[in-house]
Amino acid sequence: MGGKGTLYVQFWSRLLERVDAEHPDWTRSQRAVPHSWIAMKAPVKGCKIGLVFAQRHRLRHELYIDTGDSDRNMELFSYLRDRQDQIEAAYGRPLAWEELPNRRACRISDYKDDCNIADEASYDEYIDWFLDAGTRLRRALSVVALPL
């Protein structure tokens, strides 16, 4: 492994150490992966919390909705979107509500611009942002009655 894969493993290792110390209920995973994303359990059945180095040098923190059934995914997405004002008020800022046409899944996301996995000096800043976004999203989802 080399290049970006090595950088991802270094970054996710540091992030997982912080999660283990500060939010041990978010994941039991201790294994960093050589990918641009990792997933953690979400407080919504059929969803994952995704932490992603996205395209155009952005970080993305997301509630990734994929129950395995595209109709159920849209039902859940619509249910949450109907509560968008309440969720965003608890989150503290607007979120991106992405239906992802031509895909089975959809997502609710927040983004941080100007981020690059090669910028190792910024890793702590990126980790702080991911942890803050994770805390905000979990808090925001806790204010609505979640469907089973």
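Contact here means heavy atoms within 4.5 Å. By that definition, and leaving aside neighbours within four places in sequence, Ser109 is in contact with Arg60, His61, Glu62, Leu95, Ala96 and Glu98. The model is predicted. Five strands form an open sheet with antiparallel pairing, and the structure holds 12 aromatic pairs.

**Sheet layout**

- The strand order in the open sheet is S1-S2-S3-S5-S4.
- Strand S1 (37–41) and S4 are the edge strands, and each pairs on one side only.
- On average, neighbouring strands of this sheet are turned by 25° against each other, direction ignored.
- Helix H1 (residues 4–22) packs on the sheet and touches S1 and S2. The direction of H1 makes about 25° with that of S1.
- Strands of a sheet pair through backbone hydrogen bonds, either parallel or antiparallel.
- Strand S2 (residues 47–54) pairs with S3 in the antiparallel sense, over eight bridges. Val52 has Arg60 in S3 as its bridge partner.
- Strand S3 (residues 58–65) and S5 run antiparallel and are joined by seven bridges.
- S4 and S5 are also antiparallel, with three bridges between them.

**Ser109 and strand S5**

- Ser109 lies in strand S5, which spans residues 106–112.
- Six of the seven residues of S5 are buried, so S5 is largely enclosed by the rest of the structure.
- Is Ser109 buried or exposed? Ser109 counts as buried because its relative accessible area is 1%, under the 20% cut-off.
- Glu62 stands opposite Ser109.
- Ser109 is also the bridge partner of Ala96.
- Which side chain does the side chain of Ser109 meet in a polar contact? The partner is the side chain of Glu98, at 2.9 Å.
- Glu62, Ala96 and Glu98 are among the contacts of Ser109 outside its sequence neighbourhood.

**Aromatic pairs**

- A pair of aromatic rings is described by the distance of the centres and the angle of the planes.
- The structure's total is 12 aromatic pairs. One of them joins Phe77 and Trp97, with 6.0 Å centre to centre and 65° between the planes, an edge-to-face arrangement.
- This pair links distant parts of the chain: Phe77 sits in helix H2 (residues 70–81), Trp97 in strand S4 (residues 96–98), and they are 20 residues apart.
- Phe77 is buried at 1% relative accessibility. Trp97 is buried too, with a relative accessible area of 10%.
- Why is the pair of Trp129 and Phe130 edge-to-face? The ring planes stand at 65°, so the pair counts as edge-to-face, with centres 5.5 Å apart.
- Trp129 and Phe130 are both buried.
- One aromatic cluster is formed by Tyr8, Phe11, Trp12, Phe53, Tyr123, Tyr126, Trp129 and Phe130.

**Charges over rings**

- The charged end of Arg58 sits over the ring of Tyr111, 4.0 Å from the ring centre.
- Arg136 lies over the face of Tyr91, at 5.7 Å from the ring centre.

**Leu141 in helix H4**

- Leu141 belongs to helix H4, which covers residues 123–142.
- With a relative accessible area of 2%, Leu141 is buried.
- Which residues does Leu141 contact, leaving aside its neighbours within four places in sequence? They are Pro43, Val44, Leu63, Leu80 and Leu146.
- Leu141 and Ile49 are 92 residues apart in sequence and 12 Å apart in space, C-alpha to C-alpha.

**Thr27 in a loop**

- Where does Thr27 lie? Thr27 lies in the loop between H1 and S1.
- Thr27 counts as buried because its relative accessibility is 13%, under the 20% cut-off.
- The side chain of Thr27 reaches the backbone nitrogen of Ser29 at 3.0 Å.
- Not counting residues up to four places away in sequence, Thr27 touches Leu16, Val19 and Met40.

Conventions
Residues are numbered from 1 along each chain as its sequence is written. This is a predicted model: local features need pLDDT of at least 70, side-chain atom pairs count only at pLDDT 80 or more; totals for chains, interfaces and linings use all residues. Side-chain values use heavy atoms; hydrogens and water are left out. Helices (H or I, at least four residues) and strands (E, at least two) are DSSP runs, numbered from the N terminus. Buried means under 20% relative accessible area, exposed over 50%, partly exposed in between (1.4 Å probe, protein chains only). A polar contact is a pair of N or O atoms within 3.5 Å; within protein, one must be able to donate a hydrogen and the other to accept it, and residues adjacent in sequence count only if both atoms are side-chain atoms. Rings of Phe, Tyr and Trp (its six-membered ring) pair if their centres lie within 6.5 Å; planes under 30 degrees apart count as stacked, over 60 as edge-to-face and the rest as tilted. A charge sits over a ring if NZ of Lys or CZ of Arg is within 6 Å of the ring centre and within 35 degrees of the ring normal. Two strands pair if DSSP finds at least two bridges between them. Axes are lines fitted to C-alpha atoms, for helices over the stretch in contact, and angles run from 0 to 180 degrees between N-to-C directions.
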